[in-house]
Amino acid sequence: MNVFSEDGTFLRSWEMEKIDMPHGTRVHVPAGKTAADAQIWVTDVGSGPWGHTVKAFNRNGTLLLILGTPGKAGTGRSPVQFDQPADVAFGAVGEMFVVDGDGGMNNRLLKFSPDYKLEWVSGGKGNNTGEFYIPHSVEVDMFGQVWVADRANNRTQVFHGGQQPKFIGEWTSCFKGDGPYSVRFSADKKYLLVIQLNLSRVLILAAPSKAGFLGNCTVIDTIQMAPDVKPHLLSVSQSTGAFYVGEIGANQSQKFVPLH
């Protein structure tokens with residue numbers, strides 16, 4: 001794991017002995033804490049002794065917590081098992097959502113309490129409402145609604161993130177050419193940024209302005225990248241508004257800065 005400043009300066013690296021194959025990452029500052037206490041969450045889709053897990057590290061790479069059963073893919077709930085968990089997101093009070101998985105057997109969305117106790121599991125493989133086929137990314141909006149990039153179904157599905165995962169709606173019209181690989185809201189919450197890997201582009205979509213109503217999927221702009229760079233996942237800086245795109249075809253990351 002390599003750590004860079006926001007201007008791209010290399011700062012340090014971590015040992016990777018407890019990560020088999022990192023997939024998604026998310027920086028989370030627990031409630032009441034400061035940036036110095038930030039946790040770096042990593043989803044591990046590897047098949048080795050540390051795989052099929054979701055892990056939290058501190059800023060220096062010290063392992064803090066493991067969710068899942070290391071090295072054992074499965075469907076279990078007690079203890080929790082994952083099969084290639086793809087991404088995590090956090091709500092306002094620290095509740096955590098995990099999409100499981102990146103081509104594995106589960107195709108589901110899980111919610112954990114702020115102290116990481118499993119609260120509910122939703123989904124299953126399919127294309128009906130509430131089902132998923134490769135749920136690849138997850139995000140929480142300013143209303144507490146949970147957005148799932150339902151990649152192989154070429155749609156995003158949106159749910160209430162409360163005691164039960166009540167379905168709100170879905171967007172499909174923006175994803176005719178390729179499914180959504182990564183979903184993140186811009187720092188100002190006005191836009192939903194979506195990666196389409198096979199089209200090598202980022203969609204900039206208008207975010208809903210009120211809770212419980214998605215409206216139509218409206219493309220505000222697109223960022224077209226070079227062929228075959230294969231943008232995979234993105235992350236947004238909450239302090240500057242810049243966003244970073246990880247490209248598995250080009251083996252690089254690009255930074256984009258909003259124009260004001």
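Buried here means under 20% relative accessible area, exposed over 50%, and partly exposed in between (1.4 Å probe, protein chains only). This is a predicted model, where local features need pLDDT of at least 70, side-chain atom pairs count only at pLDDT 80 or more, and totals for chains, interfaces and linings use all residues. Residues are numbered from 1 along each chain as its sequence is written, and side-chain values use heavy atoms, with hydrogens and water left out.

**View 1. Lys111 pairs up with Glu119 in a salt bridge.** That term covers a side-chain nitrogen of Lys or Arg within 4 Å of a carboxyl oxygen of Asp or Glu. The closest N and O atoms of Lys111 and Glu119 sit 3.4 Å apart. Lys111 is buried at 8% relative accessibility, while Glu119 is partly exposed at 42%.

**View 2. Asp44 and Lys55 make a salt bridge.** Here the closest N and O atoms are 2.7 Å apart.

**View 3. Glu170 and Arg155 are joined by a salt bridge.** Their closest N and O atoms are 3.1 Å apart. Glu170 is in strand β14 (residues 167–171) and Arg155 in strand β13 (residues 155–160), so the pair ties together parts 15 residues apart in sequence. Arg155 is buried at 5% relative accessible area, whereas Glu170 is partly exposed at 35%. Through shared partners, salt bridges join Asp150, Arg155 and Glu170 into one network.

Conventions:
Helices (H or I, at least four residues) and strands (E, at least two) are DSSP runs, numbered from the N terminus.
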